[in-house]
Structure formats: C-alpha cells, structure tokens
Amino acid sequence: MKSIKIIILFLTFCSCSKDKYVNDFETTLGTENSKTLSELVADFETDFLKRQYPNLKTESAYKKFLTELRDDKTADWKKISENSRTLFANSGLKDEIYRYPDSVWIEKDTSKMTIKSQAVVKSRFKYMNDDGSIEYLENESYHPSIKDLDINWVLEREKKSPRFNSTGKYLQALYQIKDRDTFFKNFYERKEVMGHIRPETLANVMLQENVDLKDYLVKRIIVLEIAY
C-alpha cells in the first residue's frame, strides 16, 4: 500500500508540474504544507475510497462519495485512517486553515459585550501580522440557557471549536487559483466571506457544475473541505 501511495504522489507531481495554477497554489501554501496535503489526498484515495468503494475506479469513487454526501447517505461510511488524522492534526497545514482560541471565558460585564445578555462566552484568537507584531481578536457567542449549563463543559467545547483562518495560507492559495474557472472563483468568494461551507452544499455544487474529479486542485479541495 505504501508503494502505491508513493507512485500516486510521483505521477500527480509529474502530471501537474507545468500547471501555472497548481504551481501558484503550492508555492503560496508552502512546500511542507503541500507535501502534507499530497499525502492526505493519496491516503484518501488508496485507503478511504478503496475501503468504501472497492469496486470503483478513483474518479467514480469520488463521484459516489460526493453523491452519497449530497443525498445524506453517509451512515455506513468508514473513518479516515488514524495515521492521516494524526498527520493532519500535527501539521502546520491545519493551522493555515483553522484557528483555535488561546483563551476562553464567561463575560458578565455588559459594557464589554456586543450581544447584550446576562452572560456570553468570549474567545480570544492570537494573530501574527506580516511585520511580526501580535494582534488579538475576540469572538463572542451567546448561549440562551448558559445559567443552566455546565460552565466547564461550555468553556472546553469553545476551546476545541475552530474558526476559519481568514489570514492563513490556505485562503491565500485559493486566491491564486480563483481565475481558473467559474467554480474556483465562486468557491474562493464563498470561502472569503463565510469561511465554513457545509460539506453537503459543496458536494451538491460540485456535482451540479460537473467539476473534473481527476483535477489535481479539485481533489485537494474535496479532501480538505470534506474529509478534514
């Protein structure tokens, strides 16, 4: 299985090495992040899709995957391999896509609230600017029945709840490929404004627009947006 993954990685590199959009995407994402992403795609195809749809070729398996997601037929889906989940969790790529708060607390001072209430949950995110300076941004969420909830549970859940990294290299890389065609343009604009796109919504759009499921960049969007 390992040798198959290596062959896939080599072939995909050779087949797309002259594609301007691929080069721009991977240059912006960074060498190590691009390597991680290629490993995730290879594992998704040779492990997850093969276990899920053993009798289908890769392109057909991608289509079946998107169709089942769109139609909410995912109850029997097998899990992504533990190795790949660990690889992503420990990678720099994850940090370019998601932000996790460095502190979370219950705010009761209404003068410090955007949403006026008896109490709200505040999360603080740390950002490093291009000049090396540090900036902190706060996010606020409202829980109508917070007085009846386990506060420690609320805080732990918020600590583990990621936000889309709107300044990360992933969004910057998507900007580099937005002019490739209508799908990439619309996808980038949606990510820039909303951050999160529901997987079933993305699957439906891809199927409606009949995107090329053999495409190097389409595969990467599927894996990052739906599998991780």
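## Helix α11

Helix α11 covers residues 216-227; its 12 residues reach 16 Å from the first C-alpha to the last, close to the 16 Å expected at 1.5 Å a residue. That expected span is 1.5 Å times one less than the number of residues. The model is predicted: local features need pLDDT of at least 70, side-chain atom pairs count only at pLDDT 80 or more, and totals for chains, interfaces and linings use all residues. Residues are numbered from 1 along each chain as its sequence is written, and side-chain values use heavy atoms, leaving out hydrogens and water.

Because 11 of the 12 residues of α11 are buried, the helix is largely enclosed by the rest of the structure. Buried here means under 20% relative accessible area, exposed over 50%, and partly exposed in between (1.4 Å probe, protein chains only). Among the buried residues are Tyr 216, Lys 219, Arg 220 and Glu 225. At the start of α11, Asp 215 brings a side-chain oxygen to within 2.9 Å of the backbone nitrogen of Leu 217.

## A residue in strand β4

Tyr 136 lies in strand β4, residues 134-141. With a relative accessible area of 41%, Tyr 136 is partly exposed.

## The chain overall

The chain has 11 helices and 5 strands, assigned as DSSP runs (helices H or I, at least four residues; strands E, at least two) and numbered from the N terminus. Of its 228 residues, 40% are buried.

How values were computed
A polar contact is a pair of N or O atoms within 3.5 Å; within protein, one must be able to donate a hydrogen and the other to accept it, and residues adjacent in sequence count only if both atoms are side-chain atoms.
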